[in-house]
Structures are given as C-alpha cells and as structure tokens.
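Trainee: Please take a close look at one part of this model and go through it in a single connected answer.

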There are 2 protein chains.
Amino acid sequence: MDRRPPRDEEYRPLLERLYLELDPPSLRDNTADLDRLVKGLRRRGIDPVDVHPSSIGPLRERILQGDFKVTAVLARTGPKWELVDVLPGREEGPLWGLALDLGTSRLAFYLLDLRAGEVAETASVPNPQIPWGEDILARILHARREDLRRELGEMLARAVNRTAGEMVRRRGGSLDRVYAFSVAGNTTMTHFFLGLDPSRICREPYIPVANRFPFFHARDLALDLHPRAPVYVFPNVGSYFGGDLVAGILATGMQRREEVSMLVDVGTNAEVVLGNRDWLLACAGAAGPALEGGVVERGMMAAPGAVDRVRVDPETLELSYRVLGGGKPRGLCGSGLIDLVAELFAAGVLTVQGRIDLRAPTDRVRETPDGPAFLVAPAEETADGRDLLVSQIDIGILLKSKAAMYTILSVITRKVGMEIRDVSRIFVAGTFGNRIDPAMAVRMGMLPDLPLETYQGMGNTAGEGAVMILRDRSLLEDVQRICDRITYVELNVNMELMNEFRGALFLPHTDPGLFPSVAVPRRALGKED
Amino acid sequence: MDRRPPRDEEYRPLLERLYLELDPPSLRDNTADLDRLVKGLRRRGIDPVDVHPSSIGPLRERILQGDFKVTAVLARTGPKWELVDVLPGREEGPLWGLALDLGTSRLAFYLLDLRAGEVAETASVPNPQIPWGEDILARILHARREDLRRELGEMLARAVNRTAGEMVRRRGGSLDRVYAFSVAGNTTMTHFFLGLDPSRICREPYIPVANRFPFFHARDLALDLHPRAPVYVFPNVGSYFGGDLVAGILATGMQRREEVSMLVDVGTNAEVVLGNRDWLLACAGAAGPALEGGVVERGMMAAPGAVDRVRVDPETLELSYRVLGGGKPRGLCGSGLIDLVAELFAAGVLTVQGRIDLRAPTDRVRETPDGPAFLVAPAEETADGRDLLVSQIDIGILLKSKAAMYTILSVITRKVGMEIRDVSRIFVAGTFGNRIDPAMAVRMGMLPDLPLETYQGMGNTAGEGAVMILRDRSLLEDVQRICDRITYVELNVNMELMNEFRGALFLPHTDPGLFPSVAVPRRALGKED
C-alpha cells in the first residue's frame, strides 16, 4: 500500500472542501440562505450541486451559525456535486475518508486524510461473519432466511462502525466526520454488505441481484459515518468476478496501459484479467485453497509463525526456512509451500509426477501411516512440539491447485489468440501476492516461464483500489469503462480446461518446452544420478 | 381546471410506465437481475436510469415474481430517469399522480390518471393549521419552537394522506400506488410542508431557508404515497412570491408567449407578474383581504350562501343578486362586493369619493349607529334573519384594497416603461378569479380600463400549474427558466406606491382620463340630476 499521496500535480479526490465567505443577506439581495451558498459554490466552479432533501434545514442552520462564513464539504459522485456537509467558519483539520477491502476472511481498513491523500491509519480485523461459515457458501446457505441475512449485513456495519471508529479516534477525530467511504468486496460479500439476497449467486445460472450500484449514503447502510457521506461500492462483473477484482484492476493501472498486461489473483478462486486500455478479458476458476495455505494439513495463512520462505541446498539437501514474525514455526503459508515444492523438485526429492522420492539421500523424507512425507522442521524446532511435516497427500493437493492456476492462465491467453510471452507484465495479487517468489512459482509450473522482471507482486489490490478511488475521482469513470468493456469467461462451465489441466499437474509440465528455463534434475525423472 | 388531457400530440408526463418482457438469465447471459432490467429500459430509450439504493432488493423481488415480465414505473425528474417501482406482469390500470394547491386557507387536491392526463377526482379541505392561526404570521409565530414547527408540518402530511387516500380509494386504487406528487404553495406554506424554519421569512431582510428544492421522495416527507414517488415542490422566487405563483405563471402559459401579458392574483396580497418568453417582472403588495370577502363585516369566502353577483337598476335602483348554491344569502364574497360597489357607483348611490349618498332615492340606504350603510337583503330574505348590510366603513376598506391593486398594476407596468394598454392579456387569478366580472372591476377602478376581452378569468392557477407539471415534464425546465429570469420587485419597501395610491382611492380614479370607458354619473360627483 502506497502511503504517500499521489504524485500527480492534479490531485482530484472524491471529496473537496471549500471555505466561503458569503455576503450576508440584505433587502437588496434577499436570496434564500441555502441558495446563497449554492450560488457561492457555483462561483467557485462547483456546479451543479445536489442537496439532499433531508439536509436543507440542518445545513441552513450551519450557515447561520457561521454567519455566512462556512466550510462546505462536497463529493463529486457523478455529473453533479453533492453537498455533504456545511461547517460554520473555517475548518482546516483532516478531511477523513475510509476505504475497505471487504474480504471473506478479513476486513482491511484504510483511513485517509483526503487533504493530500495519505493513509493515516490501517487496520485489519477478521470478518465477523466467520462464525456463520468459514467459506462463503456456508454463509449463503445460512442467509436463506431474510432475518438472518439482515443480521449478517448488520454484523458488517457494526464491524465498520467499531473498527473505523477506533481508527479515527486514535487520530483525534470522530466517525461522523468521515465523509466518504469506498468498499471493494467479492460479489457475495457485496450482497451481504448491501442487505441483498445472495442465494442465486451460487445456483445456476449464477445471477446476482445487481452488479452496478448507485452511490449509497452512510445512513442507508446503518453506518455511523457522516449520514450523508457517499458510499461507493465497487461494481461486480459477475457472480464470480466481484468488485474486489475491479478494484484490483485499478490498483495495477492496466486499464490505462497500451501494452497488454495480466492480473493474477491467487486464492481459492484464481481470478485472472488480461488486457490493456482497449480491451479486458477476465475469468475465474477454482484453484483450491492450497495456494493460500488452506486445506494442506500444516498449511496456514500468512501470519506470525508461518514459514513463508524455504530453501533446499541441491547438493546437501540441507533445508533452511524463514518464519514470519520470527520464533518457532507453526505451519507453512502459501509462499512457503510453493517454495518447498519448487526447491524439493530442483533438488530431485520430488519427481516430475510430484512424488516424494523415498530413496532421496536425506533423513527428512519419512514414511508415515498416511504415506510418504517431508520433514520441514523437527518437533524440537516447532511451536507446538510436533514434527512439521508436508505429506504426499498435501503435495498432491498443491499440485492440483498449481495446475488449475497455470491452466487458467493458458486458456485465457489463447482465448485472445496471444502467446503468454506477449504479456508485458504480470501482476501477482492475492493476500500473499507480495510474498510469492516468482522464480519458485515458475519452477513448479504454477506461473508461466517468463523473464522474472515480468512479474510484479502486489499487496492487497482490492484495498489499494478502494484507496485510489477516494484519492482520484477520475477513476470512477475508469471503473465504468472497465465494467462496460470487460468480457467475462466463466471457466466453471468450460470443459476445455480439463485437457489442459492434466498436463499441468506435472512438475513443471508434461511439455518441458513450455518451461525452457527450468532445469529438470535427472533424479526427478525417476533416473538415478 | 381543464379536466381533459392536453391536446398536444406529444404527451410527455412526469411518469412513464413501460411493460417489458426480458430474456430470462442463462449461463450464456448471466447479467444481474436489476442490471437486466436497466438494460431492457435502455433499449426502450429510458437512459440513464437511477435506482434508489434502498430499492435494489425489493425491486429485484418483483422482477423474479414477474418471471422477467414486468411493468416499470419511471419518473423523469431531471437529466436522468428514476426507477420508481416495478410491478410483476403487465399493469394497465390507472397511473395515479397527485397535485396539490397548498393554500393558507385550503388545500385543493387533484388526482390525475397519468395514462392520458385527465383529472379523475378533486377535493378541497380546510388547511388543518387554521386552529393555530387564520393568517400565516400567527402560524409562523406559533412555530418558533422546533417541535411545534414539526407538528405543523406533520398536520399537512396527515391531511394529504387522509384526503388523497380517500380520493384514490373512491377510484378503487390505493395511496401507495400514487407515483408522483406536485405541490404549489406560498413560501411559508412550502416551508411548513418541508419542515423548514419559516421565522426569517417575515423579518427583515425576509430570507427563506431555501427557494429551490431538489425532488423529494414521499418517504422523506412522511407521506403514504409510494415511498419513492417523486415529490415536486414548486420553487419560490422570494419570501413574498412563492411556488403557488410560479405554478400560476405556468397555468397562464405567459412564459412561452411572445406578447406581453400579465397575471394578477387577487388576494390579501396582490401578486402580479408581467412579461413574456424573454423577461418576467413580478411584484407583490398588500391589497388587504377585503377583495376576497375578508374583513368586511358581512364579507365571506366564495362558498354556499355567498352573494357573488349583484345588479342595480340605475333607473329604479332596484337590486338583484345571486346566491352561490341557491337559498338565502349569508354574506357577500369578493366578486359580490366588487359588483355592489361598481353598480352603486354607476347608479349614483356612491360618490366618486366612495361615500354612500344618503339622499339617494332608495330606502336601501340606511343610517346606522356606525354610520351610513346599504341594505343588500332585508332580514326576512337572509339565512340568519339579520339585515345584510354593507356599511360605509366596509366600502372604505374595499376602496383601499382596490386602490392598492390598481396602484400595483400601474407601478409594475411603468417599471418596464410600458403603457398598460400594451399588455395583450391580463389573467385574473385568485380563489375567485373566475368569478370577478372584469367590467365591474374596471368600473370601480380596480383593474385598468382595457377592452374586456383582454381579461381572462382563471380558476385556481396554483392547482392548475401543479396539475400541468405532472402532465408535461418539459414544464420543469420552464419553471427553472422562470426562476432564473424573473425579477422580483419588493413593493413593501417602495414608497413610490403611496403617491399612486391616493389617486386610486377614488371611483374610478382621480384621473378620469385613465378610465375613458367608465361613465361617471352626475350624482356621483355630488351634483343633483
């Protein structure tokens, strides 16, 4: 996340704040009080201005309080300006805006001071809905009844009120002076947030209630921000391509580039966008949670105690690892698992079929009741005092995920008649996009064999996109264009995938010509040295 | 009130209703449900469409209920369309809209079927605020406290709900299927209706909270119409020139005419507009309630029992009258009083100074403890069994009112360097605009001496304007232009009036050259026949 304000000379955030000294009314100029403010704004180029009907009375009181010297807070939410608030006198303190990555697992908040656009506070909390289902399908099922659905929505609103309230209070502000809010979530989370019924999202033919939304106001959504604070909810492209990814596209800037680039969001669903300023093609396919550290027995999220880097000396087969936050390891996160497989393969401990070679000259290869396994850390080195093992079964799961990922990338590229090598840049996003070592991901055949500088790890692209739209209102039009232009290919219903998939199950691939830079050790081919 | 639909070939009401058969979603076209409707509307030329954030979920339910065959109700409230409601299946019954003349004394309702624009029902009820003050100043004082102000506003909302509810139920409909509402009231009534503080309207420098309003929605104003029914509130021009008069201008059509015409609204305040499609000048001045039948001892509103026509035979001095609703008279309304003074003057019973000539050869002239009086109907002919008398004091009051009226017309015409005879048409509005006999009003010197065909009596112009804007949305722009263009002259602060006024106190005027068509009887000059 770039904490610095944007470098553009023209800084045009969603909110503007203006101090005005209006001529007081007189018999010669008896313009109505609110009309006088609107006229004053017009003279400053703020035109046309919409005033919410319910705020006419209260805003006029502020004008009188300030004796016609007032600070107006305005939002540019479309072709018109919205008058959000009027403060008596001159107000020069922070101008707060809030951005949210509304994730299935976590909510990531960014509090911005929109005077210059810097991020003042960040916070991340677990999604409060988790008790009603780790995965989103369980929550959709739980939300069949309208009251339960409403409850799930209210949980999100309360979490926003609580966390954002703490953030802004830490900076000496108050939540009702937060004047803008942007939210990027997947299609289902967006439905929950807006109180919409998500039940048809997961049933053929997979139809959301709505994909594009008008600006909401904080009051509509039971949020304790300023009641008239505009709330921007990123639109969805489809049931499996949500606003989080649209925000992700913004974060890469690919929608403005001439060269073709690719965004790969690595997660349970592999979401991929290919394109440039003229066209965009998107698809999503199930890659499985293994790449994020899920499902795998000792897999975990990238959190303190997770092994996120693994190196294996190909000569000695000695293993070293790095633990997030230091201390003893508790498990492996996605990048740790990818490193492990790639390194074991390079060292000849894994065959091209991904099998652990029991004959490998290391005592880390173990036979267990569940089959072969590889010892990452012995019991005395781990946090829980148990051997940290990755089993043959775990590796099998991981290979299926990486094969799905690679297949999706191949298919989408071929859809537009391109070769993968024509892609100038690949943005790797996802909760651990920044952690993946592209060299490792290429070696295991998860990402295509391109010069490493092609790859750019991204942090939380959904959060970054949500921050960006507060800082630069011209991106509202980019989002519109992205949604108008993007073609979405539903890979879930595409059988072509299966044929591709089988070849990609190998390390790095059944067709080694696809991975010229990856040396396949003789031992991995099942041959002795 | 014209009950017929407009004759224009292009009928473009505020609401449109469209039946759409949408393709149901499929794997090949998994557009979100609401987006599908918006696309379908776009294909029918309804673009862009705004959907209120709170209605996304409910409207989608209707789409599913109708199995993608739906009737959409839309309002054209600005550069965008608003999606007001969606009904499952094909809906062909009445498309209800409501118009209101929000008067200080009475609320006049018009229920329209906007399929073709005809008025289906009308109703008129007393303003429920009357117990808190007959005149508006008393109500403004009463409303100093915010809770009392809120109460006054809520009384209006309840009256709308009750009366409009009855109207639509009489036609077999329900209030929540009324989809549009237009309201024309004076500046203070408009403030009460919107819950705004009117206290500064009546204090120098006479400043309303706001003159121009966005479209409200029924829900914002606690109205039981369809919650998202757009509510159009006519803008004010100033504290003393309200939305009722702006609506009145629409009713005359003067804002589109090439020739200069004049609108005279006869009431406690005489409100006058002069102009054409290029310019408009407005002013208001206190004329006193006498012209409406107020103040004068036996004066009354134009209601059953009111004498509204009086004729006096100049030879025999015999008097005949007409009673509204038949039966015995209870008093005289404005047009009856005007007739009486004009006829008594022509018959020589009133002098040019407006004095009752005690020597007039009729036994209807009486001496009373309060001075001279004229007997309109003896006790045995009246509803209350008392003589129906009009006293010298009453006539004095009436002459002051007519003098004020004439003065205002002279001053405004001279302001633009015109002669009154250059005015091609004079629309006479006010609650009894239709009842005034222009010949009588000219003879008493209240209206200028122009060919009688110049005068066009209007009914309730505020109500008519409110009806028209529902029938013809292009008038929204007319209103905008009227407000941008109109110049308002505050005659209350204009001393020029006083000099004019004195001459106009005479019958018909001290300068008989201004009233060449009015024969002044010798007797009225104080000379014997």
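**Helix packing and a strand neighbourhood**

Mentor: The model is predicted. In chain A, α1(A) and α2(A) lie roughly perpendicular to each other, because their packing angle of about 75 degrees falls in the range of 65 to 115 degrees that counts as such. Helix α1 covers residues 33-43 and helix α2 covers residues 56-65, and their axes are 9 Å apart. On the α1(A) side, the contact is made by A:D33, A:L34 and A:L37. These meet A:I56, A:L59, A:R60, A:I63 and A:L64 in α2(A). Sorted by class, the contact of α1(A) with α2(A) has 6 nonpolar and 2 charged residues, with no polar ones.

Strand β6 of chain B, residues 106-113, is mostly covered, with 7 of its 8 residues buried. β6(B) has pairing partners in β5(B) and in β7(B).

Strand β5 of chain B, residues 96-102, runs antiparallel to β6(B), and 7 bridges join the two. B:L102 has B:L107 of β6(B) as its bridge partner. The hairpin formed by β5(B) and β6(B) has 3 residues between the strands.

With strand β7 of chain B, residues 118-126, β6(B) pairs over 8 bridges, in the antiparallel sense. Here B:A108 has B:S124 in β7(B) as its bridge partner. β6(B) and β7(B) also form a hairpin, with 4 residues between them. In that turn, B:G117 has a positive phi of about 100 degrees.

Technical notes. Residues numbered from 1 in each chain as written. Chains lettered and ligands numbered in written order. Predicted model: local features only at pLDDT ≥ 70, side-chain atom pairs only at ≥ 80, totals over all residues. Heavy atoms only, no water. Axes fitted to C-alpha atoms, helices over the stretch in contact; angles between N-to-C directions. Parallel < 35°, antiparallel > 145°, perpendicular 65-115°, else oblique. Contact = heavy atoms within 4.5 Å. Nonpolar A, V, L, I, M, F, W, Y, C, P; charged D, E, K, R; others polar. Buried < 20%, exposed > 50% of the residue type's maximum accessible area, 1.4 Å probe, protein only. Pairing = 2+ DSSP bridges.
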